[in-house]
2 protein chains.
Amino acid sequence: MKISTKGRYALRVMIDLAEHSGENYIPLRDIVARQEISQKYLEGIMTDLTKSDLLDAQHGKGGGYKLKRDAEDITAWDVLVSTEGDLAPITCLDKSAEPCIRAAECKTLPMWENFYKVIRDYFSGITIAGLMNKDSGDNYVI
Amino acid sequence: MKISTKGRYALRVMIDLAEHSGENYIPLRDIVARQEISQKYLEGIMTDLTKSDLLDAQHGKGGGYKLKRDAEDITAWDVLVSTEGDLAPITCLDKSAEPCIRAAECKTLPMWENFYKVIRDYFSGITIAGLMNKDSGDNYVI
DNA sequence: CTTTAACCTATCAACTTGGTAGGTTAGTAT
DNA sequence: ATACTAACCTACCAAGTTGATAGGTTAAAG
């Protein structure tokens with residue numbers, strides 16, 4: 001029951017890109033220098049984010065990455081799903097899961113389904129822009 | 001980001017015990033027959049629940065397990081923490097974690113801390129008695 | 001046609017998950 | 001006493017995940 005480094009790094013990268021956004025593409029090298037994350041490891045994460053249409057990538061000199069949408073229009077949910085995959089709290093609720101044979105009699109299924117919704121609602125309510133502007137001392141009230 | 005079978009099985013066992021509660025201890029054999037879970041695997045889960053003071057265990061003939069408190073006074077949170085360990089959504093928030101060096105500047109930490117609270121509040125609001133009485137068709141509104 | 005930077009594939013050690021196997025301890029009944 | 005029962009304890013194992021690293025390939029700009 002953990003969000004892995006992939007998801008956490010991805011959020012840091014997205015915030016970093018939002019903070020340094022402009023016309024130009026930002027090469028991974030710059031992000032790595034600021035965030036102190038292994039470049040090779042980040043490469044895979046960037047690919048996830050690009051394939052999910054959250055980032056624009058550009059090869060070659062002057063290339064790099066930039067946000068594909070405004071930071072206000074990208075949620076933490078978008079980023080986490082992109083890198084962590086399905087955020088279903090139990091395997092039964094995975095999109096790829098075959099339907100559970102005891103679903104009809106399962107006393108806990110509604111609890112899990114609703115929990116899934118709680119998770120989705122929570123992260124869908126948080127945008128990259130929102131994270132960007134937070135001072136570390138701030139506390140959320142949701 | 002998944003609750004493992006340990007936590008899910010534990011909840012099923014607790015509900016089963018609540019449904020068959022009375023004066024007597026219920027041997028694991030009976031639970032296994034009803035729930036169709038590997039007895040050997042369940043043994044470890046029962047030990048967790050017993051050590052967390054959620055179950056009373058009795059050796060020998062006529063022995064077995066029973067709930068140590070009323071089903072109304074045991075929450076899903078109690079059960080999940082007992083079997084899954086710390087339910088912190090990121091390692092930084094684990095009780096056993098060494099304090100993170102970038103905590104002060106971390107833009108996402110408040111989001112994670114609050115998410116932890118959301119999880120805790122959700123499962124703390126659900127009791128074994130509540131799960132027991134649910135018809136499968138029911139939906140939660142929290 | 002060289003430089004730059006994204007992209008792709010393979011590999012790896014450490015850890016977790018979901019079990020299984022076999023033996024030991026504690027309590028009950030005859 | 002001693003047989004029986006049922007919890008408890010330790011060790012092991014295959015498969016999958018995590019958090020990387022290594023090295024090469026493709027695409028774009030100058």
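User: What makes A:Ser4 and B:Leu28 count among the residues that surround DNA strand D?

Analyst: A residue is near a strand if its C-beta atom, placed from the backbone, lies within 6 Å of it. In this predicted model, 24 residues surround DNA strand D, and the closest are A:Ser4, A:Ser38, A:Gly60, B:Leu28 and B:Ala57. Residues are numbered from 1 along each chain as its sequence is written, and chains are lettered from A and ligands numbered from 1 in the order in which they are written. Local features need pLDDT of at least 70 and side-chain atom pairs count only at pLDDT 80 or more, while totals for chains, interfaces and linings use all residues.

User: Which element gives the largest share of the surface near DNA strand D?

Analyst: That is H3(B), with four residues. Helices (H or I, at least four residues) and strands (E, at least two) are DSSP runs, numbered from the N terminus.

User: And which residues are closest to DNA strand C?

Analyst: They are A:Leu28, A:Ala57, B:Ser4, B:Ser38 and B:Gly60, out of 24 that surround DNA strand C. Here H3(A) gives the largest share, four residues.

User: How do you know how many residues of chain B are in contact with chain A?

Analyst: Two residues are in contact if their C-beta atoms, placed from the backbone, lie within 7 Å. By that test, 34 residues of chain B are in contact with 33 residues of chain A. The largest share of the chain B side, seven residues, comes from H5(B).
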